[in-house]
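Visitor: I'm new to this one. Can you walk me through it?
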Amino acid sequence: MLFYDRLQFAFTITFHYIFPQLTMGLSLIIVYFKWQFLRSKIEKYNHAAKFFMKIFAINFTMGVVTGIPMEFQFGTNWAKFSELTGSIIGQTLAMEGMFSFFLESSFLALFIFGEKLMGQKLHFLTGFLVFLGSWASGYFILATNAWMQHPVGYEILDNGKFVLENFSELFKNPWLIPAFLHNQVASLVTSSFVVASIGAFYILRKKNLEYGQLFLKTGVVFGVVSSILIVFPTGDWNAKNVAKYQPAAFAAMEGIFETETTGSEIVLVGQPNMVEKKLDNKIAVPNVLSFLTYQDWNKQILGMDKFKKEELPTNIPALYYAYHIMVGLGTVFIGIMSLAAFFLWRKKLYRLKPLLWTIMFLVPFPYIANITGWYVAELGRQPYLVYKLLKTTEGVSPTVSSGNTLFTLLGFVALYMLLGLLFLVLVGKTIHQGPKHKTH
Amino acid sequence: MEIFWYIIIAVVLIAFFILDGYDFGAGIIHLFFAKKEEDKEVITKSAGLFWDSNEVWLVAAGGMLFMAFPTFYASVFSGFYLPLIIVLWLIVFRAIGLEFRGQFNYQMWKDIWDKSFGISSLLLALFFGIALGNIARGVNLGGVENGTSTYEAHFFFLPLWNSSFSPLAENPGVIDWFTIIIGLIAVITLAIHGANWIILKTNASIIEQLKSIIFKLNTTLLILTIFSLIVWEIVNPNALDNFVKKPYLIVFPILYLTGITGLFFVKKFKKETTSFLFSSLVIFGGISSSLASMFPAILPSSNNINPSLTIYNTTTNAYGLSVASYWGIVGLILIVFYGIIQKRLRKGKIDQMDYGH
């Protein structure tokens, strides 16, 4: 029963998260363009803002239609979990709907249809409210997830139900703010790469050159800042939280099979060998992990050998790879974006074809990094839905058979393949038409 | 506090059916009556400009239901697993039909998405009616067979149908002849509502024709309503007890009948909004009457072993409900406020609107 439910949730949420990770970051870049236009009155900034709002709108529609199933799947596939924890996560999820989703969808429509009617200042304001709505959405979703990672403000009744005991604790959760900031900066990385990549494409195609340069410049500047922020302080802060609140998950994601007598090494490369409980082909740097986590070269970090099997994440290799892919890609992003920023400063970037090609083709990788980042959080929490308190096995719908779940999973796969195809065609068409294209 | 949240959620849900209902209805009318390309285009636009801001009401209702009545949310969503997932797919299909139709300008492309929009609107209306029918009929809570429960008392699972298609079977499916009748009522109601919306928002060439169609559909609706009341008494003998015990609840059915009566005068109204308000009244009256008939139950049990789900046995702790009422009221005020801004910005007929891009 459990397997298909998990697969369906993983598949639908992975597909869904392709879209919000772009819209959250992109809304900030759109606000920036619109603000530049208000300040300088140069038309190209306004066209840039409206062009990216078109891309935003396609992504938003996809986000809505794939997001509604997410909300409902809590009830359909995870009925027991919903029943037991609805009193708490229902709060944050309902707030997401009421405060952010409404805000975002209403003002997106106003931004797209109301420019002439409202004048430029109000138009800027609607853009800003779209940004606010999309970030608030991220905030409430992260608050929900933070509660599952590190439950606070609850009370467990005799019948096993979690009920809310302190509302404000949900938002003072020490897990929330670092996770939220990390997530938002990560979405800014994706959007910066998308903006820069479209810019590089226009320059290489020798089309819309003026916009190509603007997009590339903006994408690189946002990209270099966000790629650095993703590691420090937000990534660092999160890793320390995992080490503090989920030490078993920390050991697994870092690939520490054995506890060392002094400081722990940091693993760069290696494949978890679950039979012999070691890493094959390991390349590691001694003591660095202890320093990064505790600012103490010799501080001991517990390895997986110090935890009981049932405390450890259920899929250690997947968790380990997800984490190392995320970190590895993050490092690549800093490298490429810093290089691009350097040549931008030297005024050579627009002529540097190899770098432009690299930036253009790099665009899928921030998506992969974002999604693997979420896998780290979710796989690390296993075997629990609510960390240490409610097991994943206890959360599924008691009456829905696996045959039915497989049926709906297959349906979602087919439908989302179609959606993905349409999405690519539409985004491709919008990019092809370019920022100066007037009509619908 | 339970009653407060019950009313709030009911209002949000009814708002969803009135608001998104018109674009479902527009889809149904589009499927059967729009023949010319200009009509098709303007009808899809009359739905396409509004569907997403209407569907957020569904998201809000879902979220609040989850928070305030988690046991009900869990029981109903897993119990009606298959129809619910199918509804989700249809919602996706409908949305992509609306959004993608205008993206390429050749007929075959438009025809595909027109059909996708029309058929999924029709099926969604049917499924929403069937859902209401299931709640009116009650379900076999706990999955009772031969006097013993298969699941915990508040869980159940319904197949899409069983071989008899009878609501009187021990384990009726989601689709049986009773729920089909309610489904048809929903389809007709939303078709009328959608036709009113098209009359209100467009200058489509079929407007006069639509008025006669509304009249005919309304006659059918009245007959089906009376028929469904009779069979409802057979399917669920206690169905109308609440109206006898608490006579003031009669106000909801009266609103429903007022709506139907008003719609018979569709050709006489001077203002196009009047007819739209009457069909809104039908939706309001229909749903509120159904809810009132079973209050405080929200999902009646069809067996004698497990009790019905009520707003009291499916809710959460008082603290959670009361803290949520603070942000809930603020949220609702904001939602209504956004809605008004939006509708004002896009007032008037679609054909005369300047899309501004």
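Visitor: How many residues does helix H1 of chain A have, and how far does it reach?
Guide: In this predicted model, helix H1 (residues 2-17) of chain A has 16 residues. From its first C-alpha to its last it reaches 22 Å, close to the 22 Å expected at 1.5 Å a residue.
Visitor: Which residues of H1(A) are buried?
Guide: The buried ones are A:Tyr4, A:Asp5, A:Gln8, A:Thr12, A:Phe15, A:His16 and A:Tyr17.
Visitor: And what do those pack against?
Guide: Helix H2 (20-40), H3, helix H14 (364-381) and H15, which belong to chain A.
Visitor: Switching topic. How many residues of chain A are in contact with chain B?
Guide: 54 residues of chain A, which are in contact with 55 residues of chain B.
Visitor: Which elements of chain A give two or more residues to that side?
Guide: Helix H3 (43-77), helix H4 (79-113), helix H5 (115-118), strand E2 (162-164) and helix H15 (402-433). The largest share, 23 residues, comes from H4(A).
Visitor: What about the largest nonpolar core?
Guide: That core has 258 residues, and those with the most contacts inside it are A:Phe52, B:Met64 and B:Ala125. H4(A) gives the largest share of this core, 19 residues.
Visitor: What is B:Ala125 in contact with, leaving aside neighbours within four places in sequence?
Guide: B:Ala125 is then in contact with B:Phe24, B:Ile28, B:Ala186, B:Val187 and B:Leu190.

Methods:
Residues are numbered from 1 along each chain as its sequence is written. Chains are lettered from A and ligands numbered from 1 in the order in which they are written. This is a predicted model: local features need pLDDT of at least 70, side-chain atom pairs count only at pLDDT 80 or more; totals for chains, interfaces and linings use all residues. Two residues are in contact if their C-beta atoms, placed from the backbone, lie within 7 Å. Helices (H or I, at least four residues) and strands (E, at least two) are DSSP runs, numbered from the N terminus. A nonpolar core is a set of buried Ala, Val, Leu, Ile, Met, Phe, Trp, Tyr and Cys residues joined through C-beta atoms within 7 Å. A residue is buried if 20 or more other C-beta atoms lie within 10 Å of its own, exposed if 12 or fewer, and partly exposed in between; C-beta atoms are placed from the backbone. The expected span of a helix is 1.5 Å times one less than its number of residues.
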